[in-house]
Amino acid sequence: MATPMIFLIDDHASVREALSEMLGVLGYSVKTYESADVFLAASDERELGCIVADVRMPGTDGIGLVRELARRGIEVPVVLISGHADVPMAVAAIKSGAQDFIEKPIDDRQLVAAINRAFARSIEHLDSQRAKSELDGRFARLTPRQIEIFDLVADGFTSQAIAAKLNISVRTVDSYRAEVMEKMQAESVAGLVRQATRLGRIAP
Amino acid sequence: MPARVLQREWLLLHLSEHASKWAVAVLYLAAYIILEWASFIHVHKGLPITPWDPGLGVAFALLIRGGPLSGLVLFAGMVIAETFVLQNDVDWPTDIGVAAITATSYASVAALVQRYFRIDADLAHLRDVLVLLAAGLAGAVLNTALLSAFLLAVGQFDIGDVVQVARPLVIGDTIGIAVVTPLLVRFTVQKRLEIGRLLSLLPEAALYLFLIGLALWFIVGNEEAHGFRLFYLLFVPVVIAAVRHGVDGACLSLAVTQFSLIGLLHLSGYDAGEFTEFQTLLLVLTVTGLIVGVVISERRNSDRIALDARARLAERRAEAAQVARVNLVSGMASALAHEINQPMTAARALGRSAQQLLRTPGSDLSRAESNLTTMLAHIDHAGDILRRMRNFIRRGHPYVSTINTRDMLEEAMTLAQAEASARHVRVDLDAPADLPDLHGDRVQLEQVVLNLVHNAVDAIAEARQSHGHVHVVARHHAAPPRVEIGVLDNGPGIEGELVGRLFDPLTTTKQDGLGLGLSVCASIVEAHGGRVWLHCGRPGATEFRFSVPLDRPRER
């Protein structure tokens, strides 16, 4: 697994450099950007990590950045920092979907804790995403006839009922069922039903 | 405070007022009697006729200050003096008659004078001194006339006596008033005497005493020459004292001269006729000395009043500038706090990195060292902003000095840049290093620059304009010699209707603004002999300028 990356965005060079130095010394990998717009233009690659951004910046501000990322469907956790911190700003930050909100001057323990939380969320998210795409891949390998059987099994039909419905022998149905179970790597009918739910084939 | 306590204090105050009135009356009475006793030299038919009556001067001072009822003090003083101290052989009804006439004459003259001319208590004007002298003379003439009539009527005097006595009586009374009354009036009005100042005057006083003594020795002590011819010598110390110290100098030197002269004449056995001659001359000296003194005092007073007024004006202007400065900084406070927060954030992060590096064995120490160096620079930067802010709003008296123009501009830029940076506006300074020095109040000139930059930044930030830019330009112009400082911005410009009253107080476009800034700027620049104007009000190229002349004559 690649090292998680911190994307640090602040228009004050002094703050940017100092925080980058501190996080570097603490063992993180950091990339710095002088504005949200520069970051948005550069971040095509979907890297594992989190964003630490100032709220007040020329151009797109911190809260605008969180919204823009959501709009683009990029799910990277964002920690917002601000020297102007007040309650309305904190509320707006959290409402916009930011992971955390920290006041300047920054307590490094607070920042590190927030970054670690963000990383954990990021990894968790990545895991579930990976599992989902794996499932999609398995499902894609089913033949149309197997999909028909998958859906019917998931819907709770017995082999006999499926045989009667499709006008084929029970033995043929059982053979299809075994193929489907194997391809989908499902240990039981219950597991197959869960997969169907996650694939959106049936309502949960 | 409870009403009861107030009442008691009020009562005490009034009691003490009454008590002090009585004390004053008794004091004057005592002074009168002592002086009468001391100046009692010549007698004419049982009546004291020395042409020198300082006691009357004391009484007249009380009459001028205390009103006609003080005539009773004069009356009592005369009766006591005639009866117990001088113990003349005139019968007591005549004594009482003489006392009553004298007291009435002077009380009525004093009352008339205060009613129609009102003498100022500190004798600060020529008019007051002239009125006082005229009143003394009028009182003396009236008193002499009435006394002569009375004494003729009771058969004490005949016409020959009147002719002989009239002149010394008039001269003695007048000169008593002329020498003693101004002295008392001046020195009882003084609120406080500065001991240090008095001590510093001692050597000079000794010199006057020496000069007076020398002149008197020539006049009285020299048997050969005729004393009268050398009388003019006495003018020297008196006129010098009057010129140096105004009416006070004149009063004191005249009193010393008069008392010493009388003493010497008495000891040398001069007779009543010669006494009168001397006193006539001395009256001329007294009038001259007093007039010179009061004219000098008057001129000094008016100079001092003009100076005071100018100082007060500067003080008022400084107060207004101070209020405007506090207001200016409070308008910038949130931006400045944000701007101090940045270096603090950076400094903390760098301190933490250095700490982490030092805790980890085998890490790069030079990296920790470089972190600490940068950290110190950030802390200094924050400290600099704080220090400038504090110096800027500190209450101070107007302070005029020679100012290095570029330094002054750079200092103003520290705060201006801090604010501008927090509000994402770019500010730069274009000032050649060879700008000539200015003469004036440094903080106030910084205030003008900062105020103009703040307005520009504010206008840009309020218009939510990106790429805001404020440019401060200082230039030296040769004719007329001046420094012109311009503040340009690419903000939204000045609305046309506002242009005419930009510098009026209470004109503002800001919701929480007082409208003080520009009007105070204008008054500061004008106090420095320059002016401030809107050079261009167009959007995108707005420029305020002010000029400060270089060849301005020094004030104060």
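How many helices and strands does chain B have? Chain B has 14 helices and 9 strands. The model is a predicted one.

## Chain B overall

Chain B holds 556 residues, and 45% of them are buried. Its accessible surface is about 28300 Å². Carbon and sulfur atoms account for 62% of that surface.

Sequence separation gives another view of the fold. Take the contacts in chain B between residues at least 6 apart in sequence. Of these, 75% join residues at least 24 apart.

## The interface between chains A and B

Chain B puts 20 residues into the contact, and chain A puts in 22. The area buried between the two chains is about 1800 Å². Carbon and sulfur atoms give 61% of that buried area. There are 8 residue pairs in polar contact between chain B and chain A, both residues being at pLDDT 80 or more. On the chain B side, the elements that give two or more residues are helix H9 (272–359) and helix H10 (365–393). H9(B) supplies the largest share, with 15 residues. By class, this side of chain B has 5 nonpolar, 11 polar and 4 charged residues.

Between chain B and chain A the count is 3 salt bridges. Two of the pairs involve A:Asp108. One is with B:Arg348, at 2.7 Å from N to O. Another is with B:Arg352, where the closest N and O atoms are 2.5 Å apart. This second pair runs from helix H5 of chain A to helix H9 of chain B. Are A:Asp108 and B:Arg352 buried or exposed? A:Asp108 counts as buried because its relative accessibility is 4%, under the 20% cut-off. B:Arg352 also counts as buried, at 15%.

## Salt bridges within chain B

Over all chains, a search of the whole structure finds 29 salt bridges. One of the pairs within chain B is B:Glu204 with B:Arg244, with the closest N and O atoms 2.8 Å apart. The pair links distant parts of the chain. B:Glu204 sits in helix H7 (residues 195–221) and B:Arg244 in helix H8 (residues 235–267), 40 residues apart. B:Glu204 is buried, with a relative accessible area of 15%. B:Arg244 is partly exposed, at 45% relative accessibility.

B:Asp458 and B:Arg423 form another salt bridge, and their closest N and O atoms are 2.8 Å apart. Which parts of chain B does this pair tie together? B:Asp458 lies in helix H12 (residues 442–462). B:Arg423 lies in the loop between helix H11 (405–422) and strand E4 (425–430). The pair therefore ties together parts that are 35 residues apart in sequence. B:Asp458 counts as buried, at 10% relative accessibility. B:Arg423 is partly exposed, with a relative accessible area of 22%. Salt bridges that share partners join B:Glu419, B:Arg423, B:Asp458 and B:Glu462 into one network.

## Helix H6 of chain A

Helix H6 of chain A spans residues 144–154. Its buried residues are A:Gln146, A:Ile149, A:Phe150, A:Leu152, A:Val153 and A:Ala154. An α-helix has 3.6 residues a turn, so residues three or four places apart point the same way.

What do the buried residues of H6(A) pack against? Their partners are four elements of chain A: helix H5 (108–140), helix H7 (159–166), helix H8 (170–183) and helix H9 (189–199). Just after H6(A), A:Gly156 adopts a positive phi of about 100°.

B:Ser148 belongs to helix H5 (residues 126–153) of chain B. B:Ser148 counts as buried, at 14% relative accessibility. Its side chain reaches the backbone oxygen of B:Thr144 at 2.7 Å.

B:Gly500 is in the loop between helix H13 (496–499) and helix H14 (517–527) of chain B. Why does B:Gly500 count as exposed? Its relative accessibility is 74%, and exposed means over 50%. The C-alpha atoms of B:Gly500 and B:Leu534 are separated by 9.7 Å. Along the chain, B:Gly500 and B:Leu534 are 34 residues apart.

How values were computed:
Residues numbered from 1 in each chain as written. Chains lettered and ligands numbered in written order. Predicted model: local features only at pLDDT ≥ 70, side-chain atom pairs only at ≥ 80, totals over all residues. Heavy atoms only, no water. Buried < 20%, exposed > 50% of the residue type's maximum accessible area, 1.4 Å probe, protein only. Contact = heavy atoms within 4.5 Å. Areas by Shrake-Rupley, 256 points an atom, 1.4 Å probe, with all protein chains shown as cover. Buried area = accessible area lost by both parts, 1.4 Å probe. Salt bridge = Lys/Arg side-chain N within 4 Å of Asp/Glu carboxyl O. Polar contact = N/O pair within 3.5 Å; in protein donor to acceptor, adjacent residues only side chain to side chain. Nonpolar A, V, L, I, M, F, W, Y, C, P; charged D, E, K, R; others polar.
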